Amino acid sequence: MAFCANLRDLGVFMYASNRIDFGHLVNPESFDITRTEPDMYQIIDNQRDWESRYIHIDYPENFNPEKKSIQPCPDVYWFPIVSRRFCKSLINMMESFGKWSDGKNQDTRLEGGYEAVPTRDIHMNQVGWDHHWLYFLQHYVRPLQEHVFTGYIHDPPRSLMNFVVRYKPDEQPSLKPHHDSSTYTINIALNEAGVDYEGGGCRFIRYNCSVTQTKVGWLLIHPGRLTHFHEGLLVTKGIRYIMISFVDP
Ligand SMILES: O=C(O)CCC(=O)C(=O)O
Ligand SMILES: [Fe+2]
């Protein structure tokens, strides 16, 4: 009011317009500055800004009916999904937290207390980001899954295992052949092959087919059992980070 009165006194002409986008209101209540990367936690409360920061610019193209989905190995699909900023932020969230698992079979984080094929990892719930992740799975991953594995519908998808893996030559440099405990698995590359690390990638043994030139922010989606026995290839230098989810059912 004071602002308007002041302008009137000064003879400054003012008019109202609803034809120009001046931005939008956000709810500051849920913005938690005690988190590392607080913006990453805004996926539910401020989805609009979250998408513009963290969803890959080419994501909508994944659904272009004129385009064929990329399939680097049989029944393994490859989609751009998150931005480089997302990948950097997720690595930062995990490295700031820092409590990577020891890579042993005994794992108190799991219901059965045992992991047959352990990785060095941090689970989403350890950084309080599990609800956010499940929201991401439902809104951004599920449509891709339905697009390529048609007729398989579970909404929301269920996933108890959501984690970031770290491969390092002097820590855990590879992962032996295994099946995942999933109907389908997603595997997002968080950093750059040939730049941040040497070696690495995922090999699907039945098809003798590997994806080694993974792309930052791109997701691999593949069946978890029977047909897609796979392994994590040896990292010889640097650090490789990936984000994994076992969706089941
Ligand atoms: O290193 C990879 O890309 C494969 C990771 C993997 O198979 C797993 O975490 O279950
Ligand atoms: Fe796996």
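The following paragraphs describe the predicted fold of one chain and the surroundings of its ligand.

The model is predicted, so that local features are reported only at a pLDDT of at least 70 and side-chain atom pairs only at pLDDT 80 or more, whereas totals for chains, interfaces and linings use all residues. Residues are numbered from 1 along each chain as its sequence is written, and chains are lettered from A and ligands numbered from 1 in the order in which they are written. The pLDDT, which is the predictor's confidence in each residue on a scale from 0 to 100, averages 95 over the chain, with 100% of the residues scoring at least 70. For the complex, the predictor gives an ipTM of 0.99 and a pTM of 0.91.

The chain contains 4 helices and 13 strands, where helices (H or I, at least four residues) and strands (E, at least two) are DSSP runs numbered from the N terminus. Along the principal axes, its C-alpha atoms fill a box of roughly 80 × 45 × 35 Å. Of the 249 residues, 31% count as buried; a residue is buried if 20 or more other C-beta atoms lie within 10 Å of its own, exposed if 12 or fewer, and partly exposed in between, the C-beta atoms being placed from the backbone. Among the contacts with a separation of 6 or more, 74% involve residues 24 or more positions apart, a contact being a pair of residues whose C-beta atoms, placed from the backbone, lie within 7 Å.

By contrast, strand β2 is largely enclosed by the rest of the structure, because 4 of its 5 residues are buried.

Strand β2 (residues 76-80) runs antiparallel to strand β10 (residues 218-223), to which 4 bridges join it; two strands are taken to pair if DSSP finds at least two bridges between them. Within this pairing, tryptophan 78 has leucine 220 as its bridge partner, and proline 80 stands opposite tryptophan 218. Strand β10 also pairs with strand β6 (residues 184-189), in the antiparallel sense and over 5 bridges, with threonine 185 standing opposite histidine 222. Strand β1 (residues 70-73) is in turn joined to β2 by 2 bridges in an antiparallel arrangement, in which cysteine 73 stands opposite valine 76. These two strands, β1 and β2, form a hairpin with 2 residues between them. Aspartate 75, in the turn, has a positive phi of about 55°, and with 15 C-beta neighbours inside 10 Å this aspartate counts as partly exposed.

The largest nonpolar core has 50 residues, and those with the most contacts inside it are Leu90, Val164, Ile188, Leu190, Leu220 and Ile242. Such a core is a set of buried Ala, Val, Leu, Ile, Met, Phe, Trp, Tyr and Cys residues joined through C-beta atoms within 7 Å. In soluble globular proteins, nonpolar side chains tend to be buried together. When neighbours within four places in sequence are left aside, leucine 220 is in contact with Val76, Trp78, Ile186, Asn187, Cys202 and Val211.

Ligand 1 is surrounded by Thr119, Val165, Leu175, Asp180, Asn187, Cys202, His230, Gly232, Ile242 and Ile244, a residue being near a molecule if its C-beta atom, placed from the backbone, lies within 6 Å of it. The strands β11 (230-232) and β13 (240-247) each supply at least two residues of this shell. In composition, the shell divides into 5 nonpolar, 4 polar and 1 charged residues, where Ala, Val, Leu, Ile, Met, Phe, Trp, Tyr, Cys and Pro count as nonpolar, Asp, Glu, Lys and Arg as charged, and the others, Gly among them, as polar.

Several backbone features remain to be noted. Most residues other than glycine have a negative phi, and most peptide bonds are trans. Glutamate 37, however, has a positive phi near 60° and lies in the loop between α1 and α2 (47-54). A cis peptide bond, with omega about 5°, joins aspartate 155 and proline 156, of which proline 156 is found in the loop between α4 (130-148) and β4 (161-167). The peptide bond from aspartate 248 to proline 249 is likewise cis, with omega near 0°, and proline 249 is found in the segment after β13.

Key:
Two residues are in contact if their C-beta atoms, placed from the backbone, lie within 7 Å.
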